[in-house]
Amino acid sequence: MKEISKGNQEICAGTDSIGNLKCQTNELSNIKKTVAVLSGKGGVGKSLVTSLLAVMMRRKGYDVGILDADITGPSIPRMFGADNYRVSSSELGIYPARTHNDIRIMSINLLLEKKDMPVIWRGPLIAGAVKQFWTDVIWGDLDYLFFDMPPGTGDVPLTVFQSIPLDGIIIVSSPQDLVALIVKKAYNMAKTMNIPILGIIENMSYAICPECGRHINIFGESKAEKVAEEMGIPFLGRLPVDPELAALCDQGMIERFNKDYVDDCIDLLERNF
Ligand SMILES: Nc1ncnc2c1ncn2[C@@H]1O[C@H](COP(=O)(O)OP(=O)(O)OP(=O)(O)O)[C@@H](O)[C@H]1O
């Protein structure tokens, strides 16, 4: 069944196995794999993990993009020093911004006149903007498009899951999430939507002593592996609280980061996709 709705320039065609109407991408886009990065709640480092995955994949020579689906708290442009970039458009669609290393990014912040103005929109409008980033942006040829999802398991992530064909989901959690089982909500949402869960990454898992290099488990022994096992999904590693990483994010230079924190996740993406 083909259904075309020009009202919000949305082009949706066909349904998935559980009846969700999926939107088509711009006809000038050819995207091989779509991976959404999700968290049970805000502030756990979802944008940071999304950015690191894109940076590392790009370094391996893949063509990579990031769709910043976090409309009310967009942080992708800042991490890449692209806050002042402007996107252009033609009758064919919107051209994404390109970072120093040629990662294509699209974010609401690249469209706003004033970056410090909040986006005061209701859920359906926010979800509509995310869908348009998918349908109207000319991504070109991409090996991987990463979605920095809105935090939590509310209306917007749900609509995005329903309308965009996703090949897999990576869940980012903090140690407290794992204790409070907030991560299970993200897991259950993805499961209900029939989207493959690729695995879980624990962020801010430990600190490294600057004097002796010892790992300090600030939040006690990590439960990430155990929780991953219980959920029957791969554990994809843990990131420490790393001041260098925080500084590079603040300076918009995340593309300079070169530690191996997300290597297991990169291996999995390369092997499976
Ligand atoms: N492992 C880490 N080491 C150092 N700083 C970190 C780490 N993880 C996240 N941060 C810092 O914490 C801040 C929040 O991270 P980020 O924006 O990725 O969170 P988020 O989960 O995407 O937030 P939101 O859900 O509100 O969008 C960032 O400024 C980042 O620099």
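User: In this predicted model, which residue of β10 is the bridge partner of Leu-67?
Analyst: Strand β5 covers residues 64-68, and its pairing with β10 is parallel, over five bridges. Within β10, Leu-67 has as its bridge partner Phe-147.

User: How many bridges join β4 to β10, and which residue of β10 is the bridge partner of Val-37?
Analyst: Strand β4 spans residues 30-39 and runs parallel to β10, the two being joined by seven bridges. For Val-37, the bridge partner in β10 is Asp-148.

User: How many of the eight residues of β10 are buried?
Analyst: Strand β10 comprises residues 141-148 and is described as mostly covered. Of its eight residues, the number buried is six.

User: Is Pro-96 buried or exposed?
Analyst: Pro-96 lies in the loop between β7 (93-95) and β8 (97-98). Leaving aside neighbours within four places in sequence, its contacts include Gly-65, Val-87, Arg-104 and Trp-139. A residue counts as buried if 20 or more other C-beta atoms lie within 10 Å of its own. Because Pro-96 has 25 other C-beta atoms within 10 Å, Pro-96 is buried.

User: Which helices each supply at least two residues of the shell around the ligand?
Analyst: The shell residues divide into nine nonpolar, eight polar and three charged. Of the 20 residues around the ligand, those that come nearest are Gly-42, Gly-45, Ser-47, Leu-48 and Pro-151. The helices that each supply at least two residues of this shell are α1 (46-59) and α8 (243-250).

Definitions and conventions: Residues are numbered from 1 along each chain as its sequence is written. This is a predicted model: local features need pLDDT of at least 70, side-chain atom pairs count only at pLDDT 80 or more; totals for chains, interfaces and linings use all residues. A residue is near a molecule or strand if its C-beta atom, placed from the backbone, lies within 6 Å of it. Helices (H or I, at least four residues) and strands (E, at least two) are DSSP runs, numbered from the N terminus. Ala, Val, Leu, Ile, Met, Phe, Trp, Tyr, Cys and Pro count as nonpolar, Asp, Glu, Lys and Arg as charged, and the others, Gly among them, as polar. A residue is buried if 20 or more other C-beta atoms lie within 10 Å of its own, exposed if 12 or fewer, and partly exposed in between; C-beta atoms are placed from the backbone. Two strands pair if DSSP finds at least two bridges between them. Two residues are in contact if their C-beta atoms, placed from the backbone, lie within 7 Å.
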